[in-house]
Amino acid sequence: MARHELISFLAYQVVQIRTGGLALTVRKFFKGIRFLIIEFPFYFLALPLLLCIRCLRPFKLVRFGTIGTVVIGNGVFDAEYYLSERELEGSTSLDVFYFSSNQYCNEHWPRMASRKFWVFSFVKYLDVVNKLIPGGEPHVVRLVPVASGSRDIKGVLHQTKHHISFTYDENTQGREFLRSIGLTAGETFVCLLVRDNTYKSQHQQWLKTDWSYHDYRNADIDTFREAALTSAAAGHWVFRMGKGVTQVFDVNHPRVIDYANSPHRDDFLDMWLMAHCRYCITTGTGLDDICVAFRRPLVEVNQLPVGLGRTNQAFTIDLFKYLRWESTQMFLSLDELIETGAITFLRSEFYR
């Protein structure tokens, strides 16, 4: 937390106390007491260690960073991008990390990340203290450039092979699952990932956010019935993916599996299937970044906003949602998307 972030945080707490009443004030008071008793001593202990690390900078640069665990897409993509860029640049710094939260969107992801990164919970205290003391920028590592927004705008992934991987035992477990539902040797499968409201409302309630501003990204799974049947007719198995979904995907074909509503669904298979599919049909949501990390082909349909697609990636095709003017029902042109700013709208109310 940088100094300006600390000031903003404190100002936010004051506003909350003023508007939240006595009950909120009491909760924050006890939370503050807990921080002083449990957390503050670790920040105090981190200070002398940080000063030693800074003194060693001419000989060995040590940097601190975070591994995302709240959102699976940014978490996996950012980690793989960092490892790929580090390979190309030949960086020699010693980078140590901590998980961004103890709430995991996918329980298997921290295990995979820990195999490729030096992850220690104490790094959080070094990172915070480093940002509070002037001169700490050289010791900060960001997995992706801020300006890229978790997009591979430099083509780093296209120049490298994936670094995040599964163990032998994990691959054996994944293949055993395929055999158990009927896939034979040599058969391929594709993933179908269609976003709706359910995941955020069921699995990220702890963030206490009104997720309806994401509604513009939703699509109706029933409109993908023909795509699933066409893939199955081509000889592929089709797994409808998702961790918490609104609708059942009832397609009368033995090779079309509503995995999201099946008893087989778990966090490990969510990642393994996306990483090993022949290709993925997606509406542009977090889990498909696993395909990007593992260089699996994506067909991204009903994608918005237009300006944040993956059009720069050789293994991705983007097909965008059409936008109409409410008054005339005429489709917006590309020029109008740019002029109105709709090309990068990130909230449902902006489109309305």
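Strands E7 (residues 280–282) and E8 (residues 298–303) pair in the parallel sense over 3 bridges. Pairing requires at least two DSSP bridges between the strands. Helices (H or I, at least four residues) and strands (E, at least two) are DSSP runs, numbered from the N terminus. Within this pair, Ile-281 stands opposite Val-299 of E8. The model is predicted: local features need pLDDT of at least 70, side-chain atom pairs count only at pLDDT 80 or more, and totals for chains, interfaces and linings use all residues. Residues are numbered from 1 along each chain as its sequence is written, and side-chain values use heavy atoms, with hydrogens and water left out.

E7 and E8 belong to an open sheet of 6 strands. The order is E6-E5-E4-E7-E8-E9, with parallel pairing. Strand E6 (256–257) and strand E9 (316–320) form the edges, each pairing on one side only. Helix H8 (residues 267–276) packs on this sheet. H8 touches strand E4 (189–193), strand E5 (237–240) and E7; contact means heavy atoms within 4.5 Å. The direction of H8 makes about 120° with that of E4. Axes are lines fitted to C-alpha atoms, for helices over the stretch in contact, and angles run from 0 to 180 degrees between N-to-C directions.

Most residues other than glycine have a negative phi, and most peptide bonds are trans. Arg-295, in the loop between helix H9 (289–293) and E8, has a positive phi of about 60°. Arg-295 is buried, with a relative accessible area of 15%. Buried means under 20% relative accessible area, exposed over 50%, and partly exposed in between (1.4 Å probe, protein chains only). Gln-329 also has a positive phi, near 65°. Gln-329 lies in the loop between E9 and helix H10 (334–340) and counts as partly exposed at 43% relative accessibility. Between E8 and E9, the loop holds Pro-305. A cis peptide bond joins Leu-304 to Pro-305, with omega about -5°.

Helix H2 (residues 72–89) has 18 residues and reaches 26 Å from its first C-alpha to its last. This is close to the 26 Å expected at 1.5 Å a residue, the expected span being 1.5 Å times one less than the number of residues. In H2, 13 of the 18 residues are buried.

Val-123 lies in helix H4 (residues 123–132) and is buried, with a relative accessible area of 5%. Not counting residues up to four places away in sequence, Val-123 touches Phe-64, Val-96, Phe-97 and Tyr-98.
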